[in-house]
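Q: Got a structure open here and a few things to ask about it. Can we go through them one by one?
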Amino acid sequence: MAGSWSNVEFRFDGAAVLVTGGTGGIGAAVAAAFRDGGADVTITGTRESLSEYEGEGGGAGDRDGYRYLRMDVEDRASIDRAAQALDSLDVLVNSAGVPLFTFGLDEYKPDNFERAVTIHLTSVQRLAAAVAPKLSDSRLPGGGSILSMASMSSFFGIDAVPGYGAGKAGLVGLTRVLAVHWAKANIRVNALAVGMTHTGMTRAVMAEPSISDPMLARVPLGRHGDPGDVPGAALFLSSDAASWITGQTLCVDGGFSIAG
């Protein structure tokens with residue numbers, strides 16, 4: 001069901017898809033949509049095995065049909081090993097990440113800021129560069145595809161997340177330049193800027209009315225997002241229906257980014 005809606009269906013039969021951070025939240029929803037659309041999906045997480053995620057809300061641990069690779073986006077060697085473990089690749093979805101303030105870390109401190117930028121920007125470039133030759137060989141009708149998860153913090157100054165926001169803002173710029181650089185290599189590069197969405201990562205923020213309520217008041221469609229709001233856009237931008245779309249960042253935010 002995740003790969004189809006009442007009036008549209010996306011098929012990726014036999015396509016090789018890698019979703020980083022695919023064990024929970026938005027990444028898990030996107031991974032499930034590709035899997036249900038016929039793709040061979042590999043997901044990454046930081047734990048030793050997928051079974052360690054079982055029982056967690058929104059996680060992929062209780063779902064069948066995935067290959068799992070352990071990958072830590074802060075570890076260069078780990079990224080390189082994951083890239084080398086793939087025989088082929090048609091779609092890369094960069095969804096791994098977390099605001100460090102959820103661990104009680106102050107991103108204004110230089111070491112934490114640098115760590116946040118590594119997680120959300122430089123690791124994306126490293127993985128993309130490592131798998132680019134495989135993506136270039138893709139036989140999907142729309143070519144190989146890279147899709148990265150940007151954020152409202154790509155466009156707005158959100159006080160609590162300077163490092164996360166800087167990384168996500170840089171991700172929009174990286175999307176553009178990689179789209180130009182790899183266009184002749186049969187690779188399209190796009191991003192989704194996702195608004196506030198109900199996931200395990202945002203649970204603490206959602207539970208704080210002083211933060212959640214003003215953000216919700218700005219959303220024209222009147223609700224925060226759910227992980228299931230994102231896969232349709234992800235599948236579209238990775239499909240041949242979007243074969244002339246590259247370098248773009250599509251906001252999936254209920255209208256938050258355009259509200260006055």
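Predicted model: local features only at pLDDT ≥ 70, side-chain atom pairs only at ≥ 80, totals over all residues.

Q: How many residues line the second largest pocket, and which lie nearest its centre?
A: The lining has 17 residues. Nearest the centre of the pocket are R223, G225, D229, D253 and G254.

Q: And the lining of that pocket by class?
A: Eight nonpolar residues, five polar and four charged.

Q: Which ones are buried in α7?
A: P231, G232, A233, A234, L235, L237 and S238.

Q: What covers the buried residues of α7?
A: Among the elements covering them are the strands β1 (4–5), β6 (91–94), β7 (144–151), β8 (187–194) and β9 (249–252). Helix α1 (25–36) is also included in that cover.

Q: New topic, R115. Where is R115 placed?
A: R115 sits in helix α3, which spans residues 110–136.

Q: Buried, exposed or partly exposed?
A: R115 has a relative accessible area of 33%, which lies between the 20% and 50% cut-offs, so R115 counts as partly exposed.

Q: What is R115 in contact with, leaving aside neighbours within four places in sequence?
A: E74, L100 and L105.

Q: And how are R115 and G167 separated?
A: Their C-alpha atoms are 9.8 Å apart, with the two residues 52 residues apart along the chain.

How values were computed: Residues numbered from 1 in each chain as written. Heavy atoms only, no water. Helix = DSSP H or I, 4+ residues; strand = E, 2+ residues; numbered from the N terminus. Buried < 20%, exposed > 50% of the residue type's maximum accessible area, 1.4 Å probe, protein only. Contact = heavy atoms within 4.5 Å. 1 Å grid on protein atoms, 1.4 Å probe; cavity = no way out; pocket = protein on both sides within 12 Å on 5 of 7 lines; lining within 4 Å. Nonpolar A, V, L, I, M, F, W, Y, C, P; charged D, E, K, R; others polar.
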